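Thanks for coming. Please have a look at the sequence and the structure.

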Amino acid sequence: MIRRECLDLLAANVTDQLVVTSQSGQRIEWSHLSKHQGNLLVGMMGCAIGVATGLALALPHRKVIALDSDGSVLLSLFNLATLGNLRPKNLVVYIFDNGVYSGSRISYPTATAANTDLEAVARGAGVVNAHTIRDIVDFKSKGIEALARSEPAFLVCKVEESLLHREIPRPDTDLAENKYTFVRYL
């Protein structure tokens with residue numbers, strides 16, 4: 001499965017949802033695809049799930065989407081315990097798991113390339129609606145359907161390593177200005 005195909009499907013289905021991205025390849029691809037004012041482009045790895053969980057709890061009437069990566073989740077596993085305990089019904093977390101740290105000019109395997117199963121880790125932390133999606137057909141059903149449900153979802157999307165984000169110009173949006181735009185949108 002290709003991350004860009006998943007993001008294209010998500011972009012076509014985002015209306016007024018709030019979207020939080022981590023500092024990784026999907027942030028670059030998402031900011032290129034979507035100019036939605038409800039996008040919060042977090043400039044650090046490991047923070048998207050925590051920020052999105054906070055937004056979901058503070059704004060229970062809004063659907064919140066987190067776009068994260070295997071590397072970011074592995075850097076901040078404590079977020080899974082928080083998510084498993086709080087279980088905000090308006091939060092959908094998409095983890096694009098390509099098995100490598102590929103945001104820079106090199107690619108180095110993450111633990112998910114070997115024995116670490118993020119769905120199992122999430123379930124162990126109390127995230128009951130955790131699933132692994134391995135193909136685009138499954139993403140179209142489980143991944144897109146999660147947007148309409150009133151329950152938390154943690155979707156590990158097993159994607160091929162893609163270097164497309166290295167070819168796309170980095171977002172020219174200043175992260176501070178993005179934050180102000182996002183707050184005004186709220």
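Which residues of helix α5 are buried? Before I answer, a word on the source. This is a predicted model, in which local features need pLDDT of at least 70 and side-chain atom pairs count only at pLDDT 80 or more, while totals for chains, interfaces and linings use all residues. Residues are numbered from 1 along each chain as its sequence is written, and side-chain values use heavy atoms, with hydrogens and water left out.

Now the answer. Helix α5 covers residues 78-86, and Asn79, Leu80, Leu83 and Gly84 are its buried residues. Buried here means under 20% relative accessible area, exposed means over 50%, and partly exposed is in between, with a 1.4 Å probe and protein chains only. Helices are DSSP runs of H or I with at least four residues, strands are runs of E with at least two, and both are numbered from the N terminus.

Looking down the axis of α5, the buried residues fall within an arc of 135 degrees, so they line one face of the helix. That arc is taken over the directions from the helix axis to the C-beta atoms. As background, an α-helix has 3.6 residues a turn, so residues three or four places apart point the same way. On the other side of α5, Phe78 and Asn85 are exposed.

What do the buried residues of α5 pack against? The partners are helices α3 (48-58), α4 (70-75) and α6 (118-124), together with strands β4 (91-97) and β8 (153-158). Contact means heavy atoms within 4.5 Å.

Next, the end of this helix. Arg87 follows α5 and sits in the loop between α5 and β4. Its phi is near 45 degrees, which is positive although the residue is not glycine. Arg87 counts as partly exposed, because its relative accessibility is 39%.

Gly126 is in contact with Arg87 and with Gly84, leaving aside neighbours within four places in sequence. Gly126 itself is in the loop between α6 and β7 (130-133). With 19% relative accessibility, Gly126 counts as buried.

In helix α1, residues 3-13, the buried set includes Arg3, Cys6, Leu7 and Leu10. Seen down the axis of α1, the buried residues fall within an arc of 95 degrees, so they too line one face of their helix. Leu7 is 22 residues from Glu29 in sequence, and the two C-alpha atoms are 7.9 Å apart. Glu29 belongs to helix α2, residues 25-33. Is Glu29 buried or exposed? Glu29 is buried, at a relative accessible area of 0%.

Finally, the chain as a whole. Its secondary structure comes to nine helices and eight strands. The C-alpha trace spans about 45 × 35 × 30 Å along its principal axes. For 186 residues, a compact globule would have a radius of gyration near 16 Å, and the chain agrees with 15 Å. That radius is taken over C-alpha atoms, and the globule rule is 2.2 Å times the number of residues to the power 0.38. Of the 186 residues, 52% are buried. Among contacts between residues at least 6 apart in sequence, 75% join residues at least 24 apart.

That is what I have; I will take questions now.
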